Structure formats: C-alpha cells, structure tokens
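Subject: Structure handover and side-chain contacts

Hello,

Here is the structure for you to take over. My notes on its side-chain contacts follow below it.

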Amino acid sequence: MKIVNKIEEIKALNKELKKAGEKISFIPTMGKLHEGHAALIKEALKYGKAIVSIYVNPLQFGKGEDYDTYPRDNDGDIKFLEELKADILFIPLENITAETATFVVNPYLSNILCGLFRPGHFQGVLTIIMKLFSAINPSFAFFGLKDYQQYIMIKKMAEDYYPDIKIVPVPTVRDTGGLALSSRNLYLNEKDRKHACNFYKILSNTASLFNSGEISAEKLTLFTTLELIKNGFHIDYVKIMDKELAYEKKATENGDILLSAVRLSGVRLIDNIFLVRTE
Ligand code: AMP
C-alpha cells in the first residue's frame, strides 16, 4: 500500500492512475479504523483502486468537542488497511483546512437533526469532503448509512457540484448486540457499551410497531422517546423523516427513516433505522 502525505502527491498519483485507465474509489475517514470502515473499503475495492484518507478534520469539531482526544492510531490503521489490501492511504500531515477561506454549506440540512446540536459541524464535513473530492476526483465515493444525515448531504453536494462522482451508501455494521460500530464507542466503559445496545433494540422495536400497522409518527416517536428515557439515555432528538430528509412525517410511510441521537454517560451515540412494512 502506498502512503501519501501531500495533496500535490495524491493529485499526481490520481492522474497516473486515470491515465492507466483505472477507476478510483475513495473512502474518507477520520481513522481508528474498525469493521464499519472495513465494510466501506471492501465495497470500494469492488469498484476500483481504493484510496483511503485518514484526517481528523478540525473544521467539523465544535468548541468543547473532542478534537484533541479523538482516538488516533496511524500504525494500527496502516496494518488494518494493508490486510484489507487498500491501494493508497492519504494521511495529510499538515492541517489542510487551516487556510480554507471558502466554506460549503447546505443551509437547510445543516440545521436539522444533529446540526441543531453541533453548530458548524456539517459545514466542516462538506468543506473537507469538497476539498478531498477536488484533489482526488474519484469515480466513486463510499459513505456509511450510520451517519445518514452526512450521507444525504454529501449525496446532494455531489449532485450539485460533482455529478461524475457516484456516491455509494454502505449499510451500518454493528457489534453482536446491535450497537453501531463507531470510533467513539471507545469512550464507553464495558458496562455502558453493553447497555448501549439497547439504543438500536429500541429503534428496532419501533420499526416492528410500524410494521404491525402503527403509522402515527407522533405515537412512534413517543414510544421511542419513552423507552429511551426508561433505559437511561439522554435524548438529543427522535424524528421520523422521509428518506431524503426533506420533511418530518406525520403519517409514516413505507421507506421512511427513524433517526435518533442520544447520550449515555456523556458519550453521544447516533443511529437510525428504515421503517419497512413486510407484512
Ligand atoms: P469516520 O471515520 O467516523 O468519520 O467514518 C468514516 C466513514 O465510515 C463514514 O462514511 C462513516 O459513515 C462510515 N462508518 C463509520 N462507522 C460505520 C459503521 N458502523 N458502519 C458503516 N459505516 C460506518
């Protein structure tokens, strides 16, 4: 696996690969890689040469958030990526957003759901992704459905500015108890990590209620909220929206999505589930 540190180098490599007729698959990450990231990389390898970036992007952390303590493990990540047979790893050594004067913002989507609790976060995400897309110019880019709001915003940004980049969503990878894998799960102690599995169990129970005929979004979100509170989660939000996140639902329809963010012992967890009728 080739490791590249400079944006000029990655641009040059990318030109070479394109000349050789290769398709480029891009997987942006913040590192401390786990099986969730691995799912993206495995999928990406099916489409072309896999370029993975690891960059803890200061722009997407708010004041008082965990930028300084965010888990970092370049040596472990390099081993992990070599085993997966990723082709290129891009680890910018300098702060590539320090001089950024132009920001990308989706005024509506930045200010709903997680955006209400993390002001400036999505502007930071979109800005770095735009910077990376411009440097790498991939044919495909891979994003996890765990971060659903992020996926939708990037999909829309690509439709507006990078119509040649296909955004590929990858289903959420969970541990055996159902907890969505996340680098931040390391902040949970063993007891909380086990308890955190109840988050997805509760969302799944709500999905079952929908499946058995309940369509009132008010009742479904109230049920979710009460169960979460009963189980000791502090709630940021519980919402049912259409799958493009254009509007909040009153009457839930097949294919809508239930999204939630909670805090457990001060650790923020996000998750979501599609509401699907199978009966
Ligand atoms: P991060 O390193 O947390 O910024 O995540 C990088 C990419 O991996 C994003 O597209 C995430 O949505 C995706 N990702 C993180 N955790 C998971 C997971 N458990 N399952 C699937 N994708 C994930």
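A charge is said to sit over a ring if NZ of Lys or CZ of Arg is within 6 Å of the ring centre and within 35 degrees of the ring normal. By that test, the charged end of R277 sits over the ring of F210, 4.1 Å from its centre. The charged end of R72 is likewise placed over the ring of Y67, at 4.9 Å from the centre.

Two notes on conventions. This is a predicted model, in which local features need pLDDT of at least 70 and side-chain atom pairs count only at pLDDT 80 or more, while totals for chains, interfaces and linings use all residues. Residues are numbered from 1 along each chain as its sequence is written, and side-chain values use heavy atoms, with hydrogens and water left out.

Aromatic pairs

Rings of Phe, Tyr and Trp (its six-membered ring) pair if their centres lie within 6.5 Å; planes under 30 degrees apart are stacked, over 60 edge-to-face, and the rest tilted. The count is eleven aromatic pairs. One of them joins F61 and Y70 edge-to-face, with 5.8 Å between centres and 75° between planes. For accessibility, buried means under 20% relative accessible area, exposed over 50%, and partly exposed in between (1.4 Å probe, protein chains only). F61 is buried at 10%, and Y70 is buried at 7%.

F199 and F233 make a tilted pair, 6.0 Å centre to centre with 40° between the planes. This pair links distant parts of the chain, 34 residues apart: F199 is in helix α7 (residues 190–211), and F233 is in the loop between α8 (217–230) and β7 (234–241). Helices (H or I, at least four residues) and strands (E, at least two) are DSSP runs numbered from the N terminus. Elsewhere, ring pairs link F26, F133, F143 and Y162 into a cluster.

Salt bridges

A salt bridge here is a side-chain nitrogen of Lys or Arg within 4 Å of a carboxyl oxygen of Asp or Glu. There are 18 salt bridges by this rule. R118 and E65 form one of them, at 2.7 Å from N to O. The two lie 53 residues apart, R118 in the loop between α4 (114–117) and α5 (121–136), and E65 in the loop between β3 (49–54) and α3 (74–84). R118 is buried at 12%, whereas E65 is partly exposed at 28%.

R174 pairs with D271 in another salt bridge, the closest N and O atoms being 2.8 Å apart. R174 is in the loop between β6 (166–170) and α7, and D271 is in strand β9 (residues 267–274), 97 residues apart. D271 is buried at 3%, while R174 is partly exposed at 23%.

E227 and K230 also form a salt bridge, with closest N and O atoms 2.9 Å apart. These two are separated by about one helical turn because they are three residues apart in helix α8. K230 is exposed, at 62%. K155, K156, E159 and E244 are linked in a network of salt bridges.

T29

T29 lies in strand β2 (residues 24–29) and is buried at 8% relative accessibility. Taking contact as heavy atoms within 4.5 Å, T29 touches H37, V52, S53, I54 and Y55, leaving aside residues up to four places away in sequence.

Regards
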